Amino acid sequence: MDIQSIHPLVIFFAAITTNNILLTNFLGMCSFLAVSKDLKSSLGLGVAVIFVSTFTAPLNWLVYHKLLVPYGLEYLQYIAFIIVIAAFVQIIEMIIERVSTLLYLTLGIFLPLITVNCAIFGCVLFLVIRQYTFMQSIAYGLGAGTGWALAIAALAGIRTRMEKKSKVIAELEGPGIALVITGIMAMAFIGFSGIVKIN
Amino acid sequence: MSAGPVKGVAALKRMLWEENPVIGQILGICSALAVTNLVKNTLVMCLGLIFTLMMSCFTVSLLRNVIPRQVRMIIQVLVIAAYVIVIKIILDAYLPEISNELGPYVGLIITNCIVMGRTEGYAMNNKPGDAILDGIGAGIGYSLVLLPIAMIREPLGLGTFFGMQLLPPDWTKWNMMVIAPSGFFALATYIWIVRAFKAGEGKR
């Protein structure tokens, strides 16, 4: 099937469920494992990721298709994407700092983490490889961010509960058990396959 | 690193076991999970990472006195990105199939936390020679985790090893092993085994 003919909404839902960027593509694992210890900061980081991925996806689409392709500079894509993401995060950080102190305190500390978050960068690489259109890339950015936020919030919820109630084998504590939980979550998400499909 | 500056071969050695970037510091997990369903892809990925680490640690270390501290992160990323582009071009030219299968994960070496961690944590403060060894060590330490996981996942999931038939053809393929969830379980188990081993080592 021609990928460009898929409705953006389908891509949005697929990015959350069947093609969840964390559970099927393993992107953004580092901050996922490090931050998921409590629900509040997980949500903060999740919102920041949704925000950045929604904007950097179409922005990088423009850079790639309107700037790099016409001049035959596709091989510079990695550097271009990284610069766009880093610059965007930096600018957003400055704007938020000026506009709202409250927002800065809740979201601001997570923004620097995002420049090196592979979920954002991976999302951009996927939209180039899969040759999405502009609208599709907005939907994909939003969906990928939402899927990531959903996964980290779910894991944080499970981890806080687990720490109170159950005893984990000493060697598996921390990242080990988090990986096992994520694995089970990934299995649960396989249940979505068949609802929407975009590969 | 709290143990003070580590020089020379010791910098390489500690990365293999004591401070293994994947097991000890839980870095670079993304690619560790994503590419390990085929041994061939894993090997290419590991070689790519070793090359990137070695070269970017060396370059960053050479430039360490010139880079202004405020912009050091972005310069490190650019150095890394330049080497990753080299790898991508080489792969596209000589191994286009693998390059296709690895898809975005070659590019994702740029945001692989191991590389940033080593350039920021070691190369910025140490001589080029030591930085290269440290980079190679971290790369090999990464490979020491990925290759065994791939060697378990591919045969169980597809019955093959390095693309060749390993198990008898009537082997029931364990599909779960090549898709996402098993990656999480395999890495968790690996971490479990290594930590149990280390705990035992500490008691003696």
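This is a predicted model: local features need pLDDT of at least 70, side-chain atom pairs count only at pLDDT 80 or more; totals for chains, interfaces and linings use all residues.
Guide: Residues are numbered from 1 along each chain as its sequence is written, while chains are lettered from A and ligands numbered from 1 in the order in which they are written. Local features need pLDDT of at least 70, side-chain atom pairs count only at pLDDT 80 or more, totals for chains, interfaces and linings use all residues, and side-chain values use heavy atoms, with hydrogens and water left out.

Visitor: Which are the buried residues of H7(B)?

Guide: They are Cys113(B), Ile114(B), Val115(B), Met116(B), Arg118(B) and Thr119(B). Buried means under 20% relative accessible area, exposed means over 50%, and partly exposed lies in between (1.4 Å probe, protein chains only). A helix is a DSSP run of H or I with at least four residues, a strand a run of E with at least two, and both are numbered from the N terminus.

Visitor: What caps the N-terminal end of H7(B)?

Guide: The cap is Asn112(B), with a side-chain oxygen 3.0 Å from the backbone nitrogen of Ile114(B).

Visitor: Why is the pair Glu120(B) and Arg72(B) called a salt bridge?

Guide: The term requires a side-chain nitrogen of Lys or Arg within 4 Å of a carboxyl oxygen of Asp or Glu. The N to O distance of this pair is 2.9 Å, so the pair meets the rule. Glu120(B) lies in helix H7 of chain B and Arg72(B) in helix H4 of chain B, so parts that are 48 residues apart in sequence are tied together.

Visitor: Which residues are linked in a network of salt bridges?

Guide: The network links Arg14(B), Glu19(B), Arg118(B) and Asp134(B). Within this group, the side chains of Arg14(B) and Glu19(B) meet at 3.1 Å, N to O, and both residues are buried. Over all chains the structure holds 5 salt bridges.

Visitor: How many salt bridges are there between chain B and chain A?

Guide: The count is 0. The area buried between the two chains is about 3100 Å², of which carbon and sulfur atoms give 86%; this is the accessible area (1.4 Å probe) that two parts lose on being put together, summed over both. On the side of chain B that touches chain A, H9(B) gives the most, with 11 residues. By class that side has 31 nonpolar, 4 polar and 2 charged residues; Ala, Val, Leu, Ile, Met, Phe, Trp, Tyr, Cys and Pro count as nonpolar, Asp, Glu, Lys and Arg as charged, and the others, Gly among them, as polar.

Visitor: How many residues does the contact take from each chain?

Guide: It takes 37 residues from chain B and 39 residues from chain A, where contact means heavy atoms within 4.5 Å.

Visitor: Why is Asn25(A) called buried?

Guide: The relative accessible area of Asn25(A) is 11%, which is under 20%, so the term applies. Asn25(A) sits in the loop between helix H1 (8-16) and helix H2 (29-35) of chain A. Leaving aside neighbours within four places in sequence, Asn25(A) is in contact with Asn19(A), Asn20(A), Phe126(A), Ala34(B) and Tyr105(B).

Visitor: What is the phi of Phe26(A)?

Guide: Phi of Phe26(A) is near 55 degrees, a positive value in a residue other than glycine. Phe26(A) lies in the loop between H1 and H2 of chain A and is buried, with a relative accessible area of 4%.

Visitor: Is Lys40(A) buried or exposed, and what makes it so?

Guide: Lys40(A) has a relative accessible area of 73%; this is over 50%, so Lys40(A) is exposed. Lys40(A) lies in helix H3 (residues 39-68) of chain A.

Note on methods. A polar contact is a pair of N or O atoms within 3.5 Å; within protein, one must be able to donate a hydrogen and the other to accept it, and residues adjacent in sequence count only if both atoms are side-chain atoms.
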